[in-house]
Amino acid sequence: MADIDDFDLDRSTTQAWAEFQSRLSEVISVIDDSADLTIGTESEGNGPPPFVRLSSPQQGVIRCEAASNAVLGDDFQLSAELLATMERLGWRPPTAGEEDETSAAEPTRPSANFWVELPQAESDRISELAVAALRDVYGVQHPVFLAPDQLAEVLQPAPTPIESDGPIKVLELERTDLTPTMPRNQQHLNDLVDAHLAEMYGHRPFRDAEGDVAIRVGSTMLFLRTARDGQEVVIFAAVVHDVAGRSRAAEVLNDLNVEARWVKFQLIRDRVFVTISVLSWPFVPAHLHQAVRILSDVADGIDNELAAKLNGRTTFHDHDESP
């Protein structure tokens with residue numbers, strides 16, 4: 001069985017940002033004047049959402065811009081505190097073409113955005129600034145909610161969303177989706193899972209240091225873990241955090257489990273997880289696809305109601321709010 005008792009969402013999220021920053025640094029180190037990189041955010045609201053844009057205005061120099069209130073939509077305006085945080089992190093404020101204090105011989109390029117220009121050799125510092133803006137100022141909860149374009153295929157490509165409107169429907173399956181494969185071991189199962197997720201989302205998934213895969217489906221985030229014996233895939237989501245009373249929660253979840261089909265609700269410390277197990281000996285890609293669809297429907301449909309009932313909070317309770 002693929003046990004999730006040791007899963008820590010905060011640790012997983014921290015690892016995901018560290019891995020994203022590392023990959024971004026590698027990309028920055030090879031950007032030239034022929035390609036820019038824009039990293040947007042998957043946010044719902046009025047007007048343009050936050051973004052970070054990278055370019056190379058001259059050989060060996062990287063310019064990084066981050067959206068300011070002048071270009072952000074009404075729902076994404078930054079508070080005075082967050083504007084001050086940007087400058088404290090090392091971003092320079094929007095310019096109107098004034099002389100650059102650090103290079104009086106060359107005028108600063110006008111920009112309505114926060115900006116910084118550094119030698120390309122300082123790619124780690126540039127990626128650090130970009131991640132700090134995205135995570136700490138714009139409030140992006142996890143790299144899976146980023147929407148990069150162009151060069152970003154090597155980072156975290158935006159997945160193709162899975163349709164989920166109403167009851168589970170019969171999928172239009174390719175013949176290969178129904179082809180069973182007997183995994184030799186856990187690594188072989190991981191390879192089979194990664195190959196199918198690549199077909200579903202258009203890119204191979206990124207696994208964290210513990211082997212878990214994060215999957216974005218609309219505004220919901222799921223995780224996937226394989227069993228050590230290579231016979232099971234468990235897909236799970238943390239739907240409620242900071243549960244107040246364990247006895248009350250156990251009662252509520254017991255009632256849910258009696259009524260639930262396919263999924264199981266679990267209380268692990270002060271968090272409620274919903275899980276679905278996919279038998280994978282043999283592994284059939286269509287089963288994984290359907291399980292992702294089922295769990296995303298359940299997780300997205302019950303999290304707010306369950307959090308209210310248990311006096312807890314949802315995973316992304318601030319995701320659709322402006323920073």
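Me: What makes Phe273 count as buried?
Reply: Its relative accessibility is 2%, and buried means under 20% relative accessible area, with exposed over 50% and partly exposed in between (1.4 Å probe, protein chains only); therefore Phe273 counts as buried. This is a predicted model, where local features need pLDDT of at least 70, side-chain atom pairs count only at pLDDT 80 or more, and totals for chains, interfaces and linings use all residues. Residues are numbered from 1 along each chain as its sequence is written, and side-chain values use heavy atoms, without hydrogens and water.

Me: How many aromatic pairs does a search of the whole structure find?
Reply: The search finds six.

Me: Why is the pair of Phe7 and Phe236 called edge-to-face?
Reply: Rings of Phe, Tyr and Trp (its six-membered ring) pair if their centres lie within 6.5 Å; planes under 30 degrees apart count as stacked, over 60 as edge-to-face and the rest as tilted. The centres of Phe7 and Phe236 are 4.9 Å apart and the planes stand at 80°, so the pair is edge-to-face.

Me: Which parts of the chain does this pair link?
Reply: Phe7 lies in the segment before helix 1 (9-28) and Phe236 in strand 8 (residues 232-240), 229 residues apart. Helices (H or I, at least four residues) and strands (E, at least two) are DSSP runs, numbered from the N terminus.

Me: How do you know that Phe236 is buried?
Reply: Its relative accessible area is 0%, so Phe236 is buried.
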